[in-house]
Amino acid sequence: MPDLPTAVFVEVPATPGSVQVLRNVVAGVAARLDMTIDQIEEVRLAVTEAASLLLDEAEATVLRMTIGRDAEALDVTLSSDGEADPWPSERALASWPWLVVKGLTDEIRAERRDGEGPSISFTKRRERVTR
């Protein structure tokens, strides 16, 4: 396994233009885990859609992304400092971005911890590729 930290944390302004930074970071981590090209693109798209949903649902100034990893999977959490009440809303759970993330990942969760803004977490398991 490549010599990578077990967690990566990124914080960017809550703007559509900043989502590209999050996409690039998650793609880089996924590539270092030897995920397939298809999986890297799926994780990149899942981050785009999750960030889009957070930006649509809450007025925020900051987007945060935490990537946890082990040999088998990536665990990604995106959160904002915005207020969304309720979270998750029925609208959010029925939205196109939510359905895309759900379809591209192995697990998805929407949460809000006490004193924090809304978050979307997902897990993407690594496919085994024989070479």
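1. Two strands count as paired if DSSP finds at least two bridges between them, and the helices (H or I, at least four residues) and strands (E, at least two) named in this note are DSSP runs, numbered from the N terminus. In this sense A73 has R125 in β5 as its bridge partner.

2. The model is predicted, so that local features need pLDDT of at least 70 and side-chain atom pairs count only at pLDDT 80 or more, while totals for chains, interfaces and linings use all residues. Residues are numbered from 1 along each chain as its sequence is written, and side-chain values use heavy atoms, with hydrogens and water left out.

3. The sheet is open and is formed by 5 strands in the order β1-β2-β3-β5-β4, with antiparallel pairing. Its edge strands, each pairing on one side only, are β1 (7-13) and β4 (107-112). From one strand to the next the twist averages 15 degrees, where axes are lines fitted to C-alpha atoms, for helices over the stretch in contact, and angles run from 0 to 180 degrees between N-to-C directions.

4. Going through the pairs, β1 is joined to β2 (residues 62-69) by 7 bridges in an antiparallel arrangement, and V12 stands opposite L63 in β2. Between β2 and β3 there are also 7 bridges in the antiparallel sense, with M65 opposite L78 in β3, and a hairpin of 3 residues links β2 to β3. Finally, β3 and β5 run antiparallel and are joined by 7 bridges.

5. How many of the 8 residues of β3 are buried? The number is 6, and β3 is thus described as mostly covered; here buried means under 20% relative accessible area, exposed means over 50%, and partly exposed lies in between (1.4 Å probe, protein chains only).

6. Which strands does helix α2 (residues 37-57) lie across? Helix α2 lies across β2, β3 and β5 (118-125), and its direction is at about 170 degrees to that of β5. Contact, a term used in the points below, means heavy atoms within 4.5 Å.

7. Helices α1 and α2 pack with their axes 9 Å apart, at an angle of about 150 degrees, and they are therefore roughly antiparallel to each other; angles under 35 degrees count as roughly parallel, over 145 as roughly antiparallel, 65 to 115 as roughly perpendicular and the rest as oblique. The residues that make this contact include V19, L22 and V26 of α1 and I40, V43 and V47 of α2.

8. Helices α2 and α4 have axes 8 Å apart and pack at an angle of about 155 degrees, and they too are therefore roughly antiparallel to each other. Among the residues of α2 that meet α4 are L45, E49 and L53, and those on the side of α4 include W98, V101 and L104.

9. In helix α4 (residues 96-104) the buried residues are P97, W98, V100, V101 and L104. Why do they lie on the same side of α4? They do so because they cover an arc of only 160 degrees around the axis, the arc being that of the directions from the helix axis to the C-beta atoms. The exposed residues W96, K102 and G103 are carried on the face turned away from that buried side, whereas the cover over the buried residues includes α2, α3 (90-93), β4 and β5.
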